[in-house]
Every structure is written in C-alpha cells, then in structure tokens.
Amino acid sequence: MNNVNISLVGVGGQGVVSTGIILGNTVARKGINVVMSEIHGMAQRGGIVTVDLRIGDVYGPIIPEGKIDLIIGFEALETIRALKRASRKTRIIMNTERIIPFTVNIGDEKYPDIEEIIKKFDIRNIIGIDAVNIAKQTGNLQSVNMVLLGAAFATELLPIEEKDIEESIKIQFPEYSWESNIKAFRIGMDQYRILTKAYL
Amino acid sequence: MENFSRKGKMVQISNEGAIKMSVYDVLLNDSGKYFLLGNEAIVRGMIEAGVGFAATYPGTPSSEVGDVLSRIAKKAGIYFEYSTNEIVALEAVAAAAASGVRSFTFMKHVGLNVAADAFMSVSYAGTNSGLVIMSGDDPSMFSSQNEQDNRHYAEFAYMPLLEPSNPQEAKDFLVYAFKISEKYGTPVLFRTTTRVSHLRGIVEYGSKGEIKAKGHFNKNFEKFTLLPSNAYRQKGKLIERYNALKEESDSSYINRVEGKGSDIGIITSGAAYNSVKDAIIELGLEIDILKLGFTFPIPEKKISDFLNSHKRVIVVEELDPYLETKVRNVAQIYGINTSINGKMDGFSPWSYEFNPDRVMEILSKIIGIEIKKDDKYSEIKLPSRPPVLCPGCPHRATFYATKLVSKQLRLEDPIYPNDIGCYSLGYQKPYQMSDFLLCMGSSIGSASGFSQATDQPVISFIGDSTFFHAGIPGLINAVHNNHRVVLIILDNRTTAMTGHQPNPGLPFNAYREPAKEISIEEIVKGIGVKYVRIVDPYDLKETMVAIREAANSDGVSVIIAKRECALLRDERMRKEGKWIRYQINQEKCTKCMNCVKNFTCPAIYVDSDGSVKIDPVLCDGCGVCSTSLVCGFHAIERVEQ
C-alpha cells in the first residue's frame, strides 16, 4: 500500500480535529498504521486549525512539504493557505464557506476573491463544495464534516470502504443522527463524483 | 479553550461492530489496541504502572493527561487533584511517594521552573515508591512563552531522564520509568514534547498494574529532612546513584540501534526520531540509527560503540545540543576520531521543532545529497487569522471598558501588564492591552516595578486561576511596598485556555465533586487592599465606574471582573435548549463601525455589500454589543425566538 498523507484544515470550532479522529479510527480499525497531529491550547476558537493525518509506513505526524495527497479544507481561505505545503498533484476538497478573520473585519486586511486566486495561480484538482448547504438539506447542520468526508472518500485515496465509515458514524454519533450523517456522507461523495466528471 | 477539539471518541480497533462506551473508559479496558493521543496513552501507562496518586497544574501540552484523569481516576482508584501550582503538585506527589504510593505529576516545561525548588531537592531525598515527573516541552512554542529544553533539568538534578517518541512509547516508557524509580529509589524525569503528547497513534495495551492509593510514611529524617547535614550526606548518595544509573542506561532496552550497518550513523531521541525516520524514507537512504530513550545518564558504551562502528555520526535533536555535547564528550574520553556533526559545528539549527523537511535539509548539507522538490504553487499572499477571544468572552467586555476609561481619564501612556491565560489575547488589535508578559504572575509582580520606576499609570490583568497560582505573592508585595497599581482580576470561573480545569476559586474539585471555594475577594481584602470591587464585565457601565474609581485611588486597588467563561455558558445553554441571538437592524445601523473596529467580536462581520451583520451561528447572545456603550444607535437587537 502507498502511504497517504491528508491535511485537514479549517478554523477552530469547525470540528477539524474530531473529523480527523473519526477518519483515523476508521483506518486504524482496518489494521493499517495511522498517525495524526493535533494542536491544542492557543489554537482556539477563531484561530487556524491544521491536522495532518498520515496512513501507512510513517512515523511522525508532520507531512513533508509537497507530499500532501489530499487537502480537506473546512473553510475557503484556509484551504488556499494549506497550498503552501502542497504540490500541484495534491487533490483539494474545499468547503466554500467563508469565515472572515477579524483582521479583515477591522479593515487591516482583505478577504481574497477565492475564484480569482484559483484562476490566477492555476490551482488544479480543486473541488469546491457547499457543505453547509448540503448539511442543511440533511436536516443536521452538524453534518458538514460528513459531507467533506464523503467527498474525501470519493477521491479513492483512502484505504477504506463505504461501510467502514458508516460503522464509524454509528460508533461516534448518537443514534438519532445516524441517518442524517450517512446521508451527508453520501451526498458529499456524489457531489465530488459529479463535479470531477464535469471537470473532465 | 481547547475543549471543542476533543470531541472525538476513542474506540477499540476491531471489526466487532459498534462499541458503545463513554469517551475515556476505554483506558480502563484489560487489553486491546486503540488510537490514542500521546497524553491519553500516558494515562494508560499510569494504570499499568499502578500509580495511586497524581497531581498537576494544567499546562499545554500536558493538560489532556489531567482532563482524562479527572474523568476516570475515581473509577481506576487513583487519587487525582489539580493543585494550586506545579511546586505544590510536586511536593504533594513527593510526599505520597515517600509514603509508599506510586505517584505521578505532570506539567508543561515552564511549570517545571515553578516546581524547580522542590525538583532539585527531591532528587537528593529520593523516594520510597515510584515517583515520576513529566515535563511537556513545547518546541516551536505552539502555546508557550519560551521553548526551553528541559532535558537539562535532569542533568542539573542528577535525575534519570526518559524521552518517548510516540504514544506507544509514552505508555511503555512510563511503566518503565516507575520500575527505574523504584529500583534506584530516585524520581525520574519523563520528558515529552508537543509532537509526542499531541501525536495520535495506535497503542497496544499491556496488563494493568495493582493500584494502591494509601500507604504509610515511615519516618526517615536523614533521608527526607534536607537540613544541611543531611543534604551533605544525600549528595554523596546521589552521585553513587548517578554512577549506577550509567550502567542501567547502557543496558536499557530503550537505547537501541536500528539498521544493517552503514558508514554514516544518526543519534537521535524523542520527536526528532520520527522526523529522522520519515526523512530517510523520503530520501531513500539506509542509515543506522542509535535511538535513545534513556537520555540521562547517557549510555556511554553504546554511544562509543556506535561512534567506533561509523565513519561519521550525525546527532539530530530538537532545541539544544544536549545529546551532542555528551556524544562529543564520549568521543573525547574514549579517544574516538569519528566525525561528529550537529548544532555545534553549524549544520543543525538550535531552534524550533524538527519536521522531516528540516531533517532532510540538515542531512543534505552534511552528506551532500540533493533533495527533489515537487512542483509547488507559487506563494499566495493571504490575510492572517490570529486566535481571538471567543464571541461572548467576558474579557472582551473588560478590555473594552478599560480602554474607554483610559481614554476618558486621558491617562498618559498607561502600562497594561498582562498574564498567562486566554486574556493574553488582549494583545491583539484593537485592544492592545498586553504590554508586558513574562510568566505566570508577572502581571502583578511587574506592576510594582513599573509603578515605581515610571510615572505612568499601571493597570494589570490576571485570571482567576493564575491569581491563585502565582499572583498572590505579587499582590502582597505591591500592597506592602505601597505601589500605585490597578489590578483587574478576570475571574471567568475556570482555567479556560488549557481546557476548563477547575481552580481553587470554584466549589468543586478535579472529580467535579463539591470542594471548598476560596474567595478571591477575601484574599484580596485579607492582604489589606482598601479598594476592592466585584463587577459583572457584561455590565459595561458598572465596570467602567469601578475602573475609574480604582484609577483615581492611591495604592493598590483591585477589581474582580466576575463572569463565567462564555464557552461554559454556551455549553450549558445548549443543554437547556436555550438559544439567545442578536442581530443588526439595518435601518438603524449607521455603519459607524464602532462594534466592528473597537468591540471586535468575531460574530460581528462586514458583509460584501458593506453592511454590518452578526453571524447567527457564532453569536452567543451575551448582548454586550447591544448596549449603548458599544452601539449608540440601538441597532443591535435581540432576536425573539
């Protein structure tokens, strides 16, 4: 098996770490080695959260520069920021939600036009998903991370099967939310497939 | 404030379908493999080592050990407390271990500075039952004021030092640390770093130990009462023990050689080992590694053998050249000519953590190999996103009120010493009220100096937990020496930044059981402060009146800004199903931007059309922005549900 390096990025409070743990647990249950970095402490609500999750013959949790296979971006600006450690081969899933940093609100800086950046820097392999809207459709606003995990799964980079994630959902969440989370996962998966086809 | 990031549950790695259990109970299971955080693995290590007594003061990256313990210690039969500060915690565990109870204390690296007085001496006294002291170091300073390398403390105190590299080792080495401790009657320093404590990986359990939380203290004055004459004798024994430990380190299974023989060898330990492994895999190299887990005393013979069997040895370690100086000493003592590379000859940097890229760079410089770079994106300039005070944070209201009063009173270049906690973020724009910050308690200690050495007004900020930890002696000093200082104690009823641990000002203990609440007000009054006011920071008017009066008072005046941390309130409200939100009435809003530019709550934002809005998901309903001191146009209105 090839090693798989995944970087999950977002803003504190978006559930980036808990999503990493769910994915890590799912991989670990398959008997495959997995390590993951977590940042606690000062990186609190409103700050940047970066989780590196590495699968395979790996030791440390930090992905070497340019070796990220997949970015799961929970917020648009943070997804773009993660590119500094990526390569042009990296596949990118971007939640199109924008969370405005206070530096922008007080007028010190400007939130960039993401589409313009994608064009200007010729960013490839990027799929934008309106995960918040999809989560709303499932009736469970908390299921944004499952939408993104569904899209990540559709890349076929993860050494897991659909039923493994469903099992994880049943382990991690209370029963009343199983259906909405599974639904969110499937819509995320479909969205990725539809969008990549449209690009091809 | 890291509670939000630990919602994931640990589950047993098996395919037997859904396993239902409470979040941390898996640590009590008899066997299995689990996907654990380093700090969670350390708690499992305590259970396997039979630890009966644990004490700490929370500090990143060690805090999660306590968070987990507070939930399971009782079930496991372990006594656990949050002590007032690190030295109290160390003194408590030293006594418990002297009484025959295996004991463990854990703290962040700078916490060991606070505990250093006891630390240095407990090594002289030694221990009866196992005693292990964990230092969570923070290379790259993810959440610390410095990145000191606490391995030096081991040598400083002649105390054995163990350094795990991953969660499995964190658990295994802790069990081993207790064995070493009891075999030699010595405390052991157990050093992790952020990337070990906060590394999640697969951990296979060993068998549980027998936990005993009560013992008996058999008096031994010559050992435990470090009067000069006793200390004199104990120092001799300490050196004897050190010499015996050298042998132990040389025969220890955690100091091992990996590889099949190569011209070049690498000596490494801790988190740097992981980066070395990843780097040589990336570079496609085969290099022997001497992986050290027992790093004080160092295994001299193993190192000399390794030096002798390689033409060149590279020492790869984070922060100081701790191992490198020792390796060079070994070469000198044993007369070995092998080339040694590291920090002291300029190849390896002295600061920040080592990721695989930095190790590849070091190796490429020394060995002269080229690193293949993947096709990367060119640099994209993006706005920064520093951490901010949460929506509803009572500290924001206090900073806002203080700023308004400072302006109203036309205070001339006031100095705002700050302290360690969430409120350190008062440093950020627009408040910028964190002018001097060294360590726990420095807000009030430094206030004495500023008030005497300058004619500038001094307004200091300190949190409730930090006040108990290190603020009280400074306050006594300011009162006794009659300095003119305003001290604002930000009492948010918790130790928020490290994840909401209780402190002595709360009516419950680590197990969330009832405990005596220590009154900050009574302490302050007891010290002799004349002007003491308790205010609700959400009430800006009341808060401003108090700050104004305090600023106009002579001597020391204290304001206790008392209001529960917003995250705790949010959690409670969610449980109660309550949902209070505010929104901006666009007809009344004049776009004066005061709420955006001066109050600056993360929930308030400027939309692309230039209108000011409140994010309903982020808004926590504190309502401070709706008062006329923030919005003079009454445009911010409560959403009626």
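**Entry 1**

I started at B:His634, which is exposed, with 12 other C-beta atoms within 10 Å. My cut-offs: a residue is buried if 20 or more other C-beta atoms lie within 10 Å of its own, exposed if 12 or fewer, and partly exposed in between, with C-beta atoms placed from the backbone. B:His634 has a positive phi of about 50° although it is not a glycine. I found B:His634 in the loop between β21 (612-614) and β22 (636-639) of chain B. For the element names I used DSSP runs, numbered from the N terminus: helices are H or I with at least four residues, strands are E with at least two.

A note on what I am reading: this is a predicted model, where local features need pLDDT of at least 70, side-chain atom pairs count only at pLDDT 80 or more, and totals for chains, interfaces and linings use all residues. Residues are numbered from 1 along each chain as its sequence is written, while chains are lettered from A and ligands numbered from 1 in the order in which they are written.

Next I looked up B:His500, whose phi is near 65°, again positive in a residue other than glycine. Is B:His500 buried or exposed? B:His500 is buried, with 20 other C-beta atoms within 10 Å. Its place is the loop between β16 (485-491) and α18 (520-527) of chain B.

I flagged these angles because most residues other than glycine have a negative phi, and most peptide bonds are trans.

**Entry 2: cis peptide bonds**

I then checked two prolines in chain B. The bond from B:Thr60 to B:Pro61 is cis, with omega near 10°. B:Pro61 sits in the loop between β2 (53-56) and α2 (63-76) of chain B. B:Phe296 and B:Pro297 are also joined by a cis peptide bond, with omega about -10°. I located B:Pro297 in the loop between β12 (294-296) and α12 (300-308) of chain B.

**Entry 3: a buried strand in chain B**

How many residues of strand β5 (residues 131-137) of chain B are buried? Seven of the seven are, so β5(B) is largely enclosed by the rest of the structure. I sorted them by direction: B:Leu131, B:Ile133, B:Ser135 and B:Asp137 point one way, and B:Val132, B:Met134 and B:Gly136 the other way.

I also looked for the partners of β5(B), taking two strands as paired if DSSP finds at least two bridges between them. Strand β4 (residues 103-108) of chain B pairs with β5(B) in the parallel sense over six bridges, and B:Phe104 stands opposite B:Val132. Strand β7 (residues 188-193) of chain B pairs with β5(B) in the parallel sense over six bridges; there B:Arg191 is the bridge partner of B:Ser135.

**Entry 4: domains of chain B**

I noted four domains in chain B: domain 1 (9-211), domain 2 (255-368), domain 3 (394-571) and domain 4 (579-639). The bounds come from an automatic or database domain assignment. The C-alpha centres of domain 1 and domain 3 of chain B lie 32 Å apart. Their contact takes 17 residues from domain 1 and 16 residues from domain 3, where two residues are in contact if their C-beta atoms, placed from the backbone, lie within 7 Å. On the domain 1 side, α2, β3 (79-82) and α4 (109-114) of chain B each give two or more residues. α2(B) gives the most, with five residues.

**Entry 5: where chain A meets chain B**

I moved to the other chain and found 65 residues of chain A in contact with 60 residues of chain B. Which element gives the most to the chain A side? α1(A) does, with eight residues. Among the other elements with two or more residues there are β2 (34-37) and α7 (162-172) of chain A.

I picked out A:Met36, whose bridge partner in β8(B) is B:Arg200.

**Entry 6: chain A as a whole**

I counted eight helices and six strands in chain A. Its C-alpha trace spans about 45 × 40 × 40 Å along the principal axes. Buried residues make up 60% of the 200 residues in chain A. Of the contacts in chain A with a separation of 6 or more, 66% are between residues 24 or more positions apart.
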